[in-house]
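Thanks for making time this morning.

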Amino acid sequence: MVELIEEETAELAADLQSLRDELGALLELSEESARPVDLDQPIGRLSRVDAMQQQSMAKATREGHRLRLDQVKLALAALAEDEYGLCRHCEEPIGFKRLKARPETPLCVACQGRMELKHGG
Ligand SMILES: [Zn+2]
């Protein structure tokens with residue numbers, strides 16, 4: 001893999017910033033739906049189960065967004081330290097194509113693959 005050129009870093013930095021904004025907005029929006037179901041609400045048993053299922057789904061989505069936002073923030077910090085684009089495990093360049101698809105990714109393809117093998121999927 002080759003290291004990023006200046007233009008690529010700038011492009012990815014912009015991607016990261018808009019990702020951070022989008023995820024922040026999504027988290028704010030989903031705050032409402034992830035609240036615990038009010039069991040005193042006068043709703044039937046089925047709709048209560050429904051509401052609880054919806055809530056746990058909203059919670060899972062929210063958790064995913066939150067984890068992703070953490071990675072985006074770490075990537076932005078790495079950018080400030082001039083360490084962005086390097087695999088956090090083997091320190092090899094991650095490559096522009098992979099970063100363009102997922103600018104917050106902290107690992108190169110090889111290390112990501114190894115991680116997934118280790119964690120069984
Ligand atoms: Zn690596």
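**The core, the helix pair and the loops**

The largest nonpolar core holds eleven residues, namely Leu 12, Leu 16, Leu 19, Leu 23, Val 72, Ala 75, Tyr 84, Ile 94, Phe 96, Leu 99 and Cys 108. By a nonpolar core I mean a set of buried Ala, Val, Leu, Ile, Met, Phe, Trp, Tyr and Cys residues joined through C-beta atoms within 7 Å. Buried, in turn, means that 20 or more other C-beta atoms lie within 10 Å of the residue's own, while exposed means 12 or fewer and partly exposed means in between, with C-beta atoms placed from the backbone.

Before going further, please keep in mind that this is a predicted model, in which local features need pLDDT of at least 70 and side-chain atom pairs count only at pLDDT 80 or more, whereas totals for chains, interfaces and linings use all residues. Residues are numbered from 1 along each chain as its sequence is written.

Coming back to this core, helix 1 (6-30), helix 2 (45-80) and helix 3 (96-101) each supply at least two of its residues, and helix 1 gives the most, with four. Helices here are DSSP runs of H or I, at least four residues in length, numbered from the N terminus. As general background, nonpolar side chains in soluble globular proteins tend to be buried together.

Leaving out residues up to four places away in sequence, Leu 12 touches Leu 99, Lys 100 and Pro 103, where contact means that the C-beta atoms, placed from the backbone, lie within 7 Å. Ala 75, which sits in helix 2, counts as buried because it has 26 C-beta neighbours inside 10 Å.

Now to the loop between helix 1 and helix 2, where we find both Glu 32 and Ser 33. Glu 32 is exposed because it has 8 other C-beta atoms within 10 Å, whereas Ser 33 counts as partly exposed, with 14 C-beta neighbours inside 10 Å. Ser 33 is in contact with Gln 55 and Ala 58, its neighbours within four places in sequence left aside. Ser 33 and Gln 55 are 22 residues apart in sequence and 6.2 Å apart in space, C-alpha to C-alpha.

Finally, most residues other than glycine have a negative phi. Which value does Asp 82 take? Its phi is near 65°, a positive value, and Asp 82 is found in the loop between helix 2 and helix 3. Asp 82 counts as exposed, since it has 9 C-beta neighbours inside 10 Å. Glu 91 lies in the loop between helix 2 and helix 3 as well, and its phi is also near 65°. Glu 91 is exposed, with 10 other C-beta atoms within 10 Å.

Key. Contact = placed C-beta atoms within 7 Å.
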